[in-house]
Amino acid sequence: MNMITNVRIEGKGEQAVVLSHGYGGSQSTWDHVVPPLSQRYRLLLFDWNFKGAIDASKYSSFTAFADALIALIDRLKLKGTVFLGHSMSGMIGCIASVKRPDLFGHLVLIAASPRQ
């Protein structure tokens with residue numbers, strides 16, 4: 001099962017911004033900020049599939065989620081993104097940025113989990 005679903009790109013602009021929701025949420029978390037941000041930035045939105053028939057042994061740490069995020073950003077050929085991560089996604093973004101710093105220009109963490 002794919003950990004990332006419902007991928008979409010919104011907006012215009014050179015700078016890519018990744019909007020990553022927290023556990024139990026969806027990309028609708030960002031509905032109020034997408035319209036103004038999309039006027040200036042290219043937004044990457046997606047849903048984490050935190051529930052359902054997932055391989056619990058593979059996704060028992062944030063590292064596997066970080067690898068899925070890296071694969072998505074690579075597939076879209078984005079570099080130097082601004083990553084906005086809420087809750088658990090904040091830590092996923094931190095791990096991904098350490099593994100692949102070329103993909104991230106800035107991290108914005110909103111109520112990020114303090115540990116994994």
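Q: Is Arg100 buried, partly exposed or exposed, and what is its relative accessible area?
A: This is a predicted model, so that goes for every value here. Buried would need a relative accessible area under 20%, and exposed would need over 50%. Arg100 falls in between, so it counts as partly exposed, with a relative accessible area of 23%.

Q: Which residue forms a salt bridge with Arg100, with the closest N and O atoms 2.9 Å apart?
A: The cut-off for a salt bridge is a nitrogen to oxygen distance within 4 Å. The closest N and O atoms of this pair are 2.9 Å apart. The partner is partly exposed, at 35% relative accessible area, and it is Asp102.

Q: Which residues are linked with Arg100 and Asp102 in a network of salt bridges?
A: Arg100 and Asp102 pair up in a salt bridge themselves. They also belong to a network of salt bridges, and the other residues linked in it are Asp74 and Lys79.

Q: How many residues apart are Lys99 and Asp67?
A: The side chains of Lys99 and Asp67 meet in a salt bridge, 2.4 Å from N to O. The pair links distant parts of the chain, with Lys99 in helix H3 (residues 88-99) and Asp67 in helix H2 (residues 62-75).

Q: How many salt bridges does a search of the whole structure find?
A: The search of the whole structure gives a total of 5.

Definitions and conventions
Residues are numbered from 1 along each chain as its sequence is written. This is a predicted model: local features need pLDDT of at least 70, side-chain atom pairs count only at pLDDT 80 or more; totals for chains, interfaces and linings use all residues. Side-chain values use heavy atoms; hydrogens and water are left out. Helices (H or I, at least four residues) and strands (E, at least two) are DSSP runs, numbered from the N terminus. Buried means under 20% relative accessible area, exposed over 50%, partly exposed in between (1.4 Å probe, protein chains only).
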